[in-house]
Amino acid sequence: MKKKMTTVAFTGTPEQQEKLDAIIAAHKGEEGAVMPILQEAQEVYGYLPEEVQKYISLALDVPMSEVYGVATFYSQFQLNPKGEHPVAVCLGTACYVKGSGILMDKLEEMLGIGNGEITDDRKFSLDATRCIGACGLAPVLTIGEDVYGRLVPEDLKDIIAKYQ
């Protein structure tokens, strides 16, 4: 049975809402306020759920398309929550040539989720990344701050087991 989770219900807290209101109040009326508000909102929530983007749009009286456009243009913004153990597979050229695409496929199968998704228990999220600067260790994946290199698909079971 797959653990796939394509949509995650937004579960903001009253404390987070208070922080967001304070962030908006601090930047409202500033030129280019959307960018710093999104940056700070992501710090509060860990990502930028659609509900938060809509709230910012209404509070600033700017079109949702502008807020969403900024959130999707810059790679620093995350539209999906990350798991307790975020798994990132480098698909940069050196890693890809050495088999990272196969690693990605195997992880999708093992975790029951696809790129950009999170498991139902929110323990793991999976993302494809570009070069992380560890080409000498290709293929590489990270789990949180931990880096694993020179991998073959058979290594993945033991690596994932460390985090379960």
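I132 is partly exposed, with a relative accessible area of 40% (buried is under 20%, exposed is over 50%, and partly exposed is in between, using a 1.4 Å probe and protein chains only). What you're looking at is a predicted model, where local features need pLDDT of at least 70, side-chain atom pairs count only at pLDDT 80 or more, and totals for chains, interfaces and linings use all residues. Residues are numbered from 1 along each chain as its sequence is written, and side-chain values use heavy atoms, leaving out hydrogens and water.

**The surface patch**

- I132 sits in the loop between β3 (124-129) and β4 (141-143); helices (H or I, at least four residues) and strands (E, at least two) are DSSP runs, numbered from the N terminus.
- Together with L137 and V147, I132 forms a nonpolar patch on the surface, with about 220 Å² of accessible area between the three of them.
- Patch members have over 30% relative accessible area and no salt bridge, with like charges joined within 9 Å and nonpolar side chains (Val, Leu, Ile, Met, Phe, Trp, Tyr) within 5 Å; the areas come from the Shrake-Rupley method with a 1.4 Å probe, and for residues only the protein chains shown count as cover.

**Helix α6**

- In α6, the buried residues are S100, G101, L103, M104, L107 and L111.
- They cover an arc of only 155 degrees around the axis, so they end up on the same side of α6 (the arc is that of the directions from the helix axis to the C-beta atoms).
- Just after α6, G112 takes a positive phi of about 75 degrees.

**Salt bridges**

- The whole structure has three salt bridges, each being a side-chain nitrogen of Lys or Arg within 4 Å of a carboxyl oxygen of Asp or Glu.
- K54 pairs with E50, their closest N and O atoms 3.1 Å apart; the two are four residues apart in helix α3 (residues 50-60), so about one helical turn separates them.
- D127 and K82 meet at 2.6 Å, N to O, and this pair links distant parts of the chain: D127 is in strand β3 and K82 in the loop between α4 (64-73) and β1, 45 residues apart.
- D127 is buried at 17% relative accessible area, while K82 is partly exposed at 30%.
- E109 bridges to K106 at 3.8 Å between the closest N and O atoms, and both lie in α6, three residues apart.
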